[in-house]
Structure formats: structure tokens, C-alpha cells
Amino acid sequence: MIIVARKNITADQIDYIRERVEAAGLRTHISIGETRTIIGCIGDEARLAGVPLLSIPGVYSVHPVMRPYKLAARDFSADPTTVVRVGDHGFGGTKCLVAAGPCSVEGSGMMSKTGRAVAASGASLLRGGAFKPRTSPYSFDGLKEQGLKILARIRSETGLPIVTEVMDPRDAELVASYADMLQIGARNMQNFALLREVGQLQRPVLLKRGMSATLKDLLLAAEYVMSRGNMQVVLCERGIRTFGAETRNTFDLAAVPWLKKETHLPVIADPSHAGGRRDLVAPLSYAALAAGADGLIVEVHPDPETALSDGDQSLTFTGFDDLMRGLAVFAEAAGRSL
Ligand code: PEP
Ligand code: MN
């Protein structure tokens, strides 16, 4: 931590700052320049978290040196990307993984058809929500445990591992008993009780960026999970809220390469929720892989027009097959396979 003093700071004020910092267990180094005095704090700066430095007289500004997220930070790991294994696959390896399936599990027949279709087109995981976060309390909110049972059955039919959302800490163990990967949705990215809960489960976590979350918020949410012992976290850029109304969200493409530099965790993109429109899914997917994403999560439905949620952004089976064919060249350009 570096503390920059005000121009007119007095010797007594410098002594007081030093006392406060040293009382927190750090050492100090005072550097008196021509125009400014700098107080360097040496030691674990997390110990200064509870000291209101900016309100101490004579303090002009405070600059942390360390990242607030330690476990998620890039230099925590010797490898540029940690591989998060799900079934036989690994997010963050040479292959870009694609999770595909409907927004919601609506029934057994549609899940079976979707599972077979996306597997044939090269998907690595099957997605589908059994617990759905809906903006309106009157909308379809999922089949709950019955939906989880359907997902588990389709896994045995197709061999595809399952990723599905958990919304409530009280359901975490139940969802984990069926799912191969636990999805934390955008609306719950800062549900700290839920993050702590999945941090105690030994299941990989797909952590989606909150719709108003900064990338630092996202990494701190990952840190919650990791600090409880579960290091298997995959981050997902799914678009954020901005002033634009033309697309459902604004796809933050820069988030992908920024996160890849800042963290060792794998990073994937969700072009379906980002654009909110079927015809935007392919171009956003291409851009994400070209920018270095480790994979995608894409909504696919046997008959999007009758979908109970997110039909406008869901691909048909043919649309998904075309997407997978089109993606190969972008994965290759980024030095990956599909
Ligand atoms: C979903 O994946 O269907 C979903 C609800 O996504 P998000 O949490 O990103 O809105
Ligand atoms: Mn959806």
C-alpha cells in the first residue's frame, strides 16, 4: 500500500499515520520528496482493510499494490490457465468447449432430442435450467428436482456432462447431486451465501458475470468460491447492462482478453444472453473465440418459437450445427481446436 500525503502535511500527522499503519502490523517507509511525501506500507496490506486511511488528516490518496483477489489472480498459478475438468473435458485446455441446450428444461422429450442433436454437432456439455431466475414471479421458473432428474437421464443417454443453475444455497447439495457443473447466474453473482455454499462443494462452478458487475467484482466473486476451497471456477462473460436498447445486453468483448491476462481461471462467453437475438449468436461466438475465450455456452431449442423462456435467442438444431461448423476456423486462428 502506498499512501500519498497532502502537500501541507505536518510532522505530527506523518507520525500519526505511521502509528496507525504500524498498529495494524505493517512497517512503514517514509519518502520525503520536493512536492510530496509518500508513506510506503510494507507487509500484508489486507490488514489495512479496516483502517479508514482516507479520513486520516494529511492523507491525500491511497494506492493498493496487491490485487484484492489473491487466489484468482494470474500470478497465483504457474500455468497461464488452470484447466477445470468436467467429465472427460477440461475448460482451459487446447480444446474450446461448447455447452449447449435450452434455457429451461421443459420436459423429457425436448431434452432428449436436444441432447442428441447438440452431441451430434460437437457440444461438450448439455445445459438446461431446472431452477430458473425469472424477472416476473408469474413466469415459468423451472421443473426443479424433476428437471434435474431429466438432465441426469439425458446425461446417461448422450454421455454429455450437465451444467445447470443453482439459485438458492439451500438447493446447492441437491443440484450438485445431479449436476456435473454448477451454474451461478448473473443475478446471483454477488449472492455471497450461495458463493460460499458452492465453495464447499467439490463441483466445478460456472460463474456468470452480474449484469452490472465490473470485472473486478467478478474476480472477487470467484475469490469467494475459491477461498472456501473450491478452485474449479470458470468465468463467463454474458453481456452487461448499458444504455443501448437494441440488444438485450452489451457484449463486453474486451472482458475476454482482459480476464485472460488478469486471472488463470478459464473464461467463456454466452452469446445468447449477450445479444438476446438468434441472428447475433454466431458473430458474437466467432468474436469470443477469436479473442481467446476457452469456450461458449449457447441456448438451443428444438422449437424456439414455443420455448418457455428465451426463445428469441435460442438456436434451432440446424442453426447450432451451422454455428459449430463456422466456429472451427476461429478456434484454429486462436491456436485451439473445437
Ligand atoms: C441462463 O443461462 O439461462 C441465464 C439465466 O443466464 P444469466 O444468468 O446470464 O442471465
Ligand atoms: Mn436463458
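Which residues are exposed on the other side of helix 1? They are D12, E19 and A23, where exposed means over 50% relative accessible area, buried under 20% and partly exposed in between (1.4 Å probe, protein chains only). This is a predicted model, in which local features need pLDDT of at least 70, side-chain atom pairs count only at pLDDT 80 or more, and totals for chains, interfaces and linings use all residues. Residues are numbered from 1 along each chain as its sequence is written, chains are lettered from A and ligands numbered from 1 in the order in which they are written, and side-chain values use heavy atoms, without hydrogens and water.

**Helix 1**
- Helix 1 spans residues 11–23; helices (H or I, at least four residues) and strands (E, at least two) are DSSP runs, numbered from the N terminus.
- I14, I17 and V21 of helix 1 are buried.
- These three cover an arc of only 65° around the axis (taken from the directions from the helix axis to the C-beta atoms), which puts them on the same side of helix 1.
- An α-helix has 3.6 residues a turn, so residues three or four places apart point the same way.
- G25, with a positive phi near 100°, follows helix 1.

**Manganese site**
- The manganese ion (ligand 2) has C103 (SG), H273 (NE2), E299 (OE) and D310 (OD) as protein donors, 2.0 to 2.4 Å away; donors are N, O and S atoms within 2.8 Å of the metal (3.2 Å for Na, K and Ca), and water is not among the atoms, so sites may look incomplete.
- Along the chain, the donors are spaced C-x169-H-x25-E-x10-D.
- C103 sits in the loop between strand 7 (97–101) and helix 2 (108–120) and H273 in helix 8 (residues 271–275), so this pair ties together parts 170 residues apart in sequence.
- C103 and H273 are both buried.

Definitions and conventions. The expected span of a helix is 1.5 Å times one less than its number of residues.
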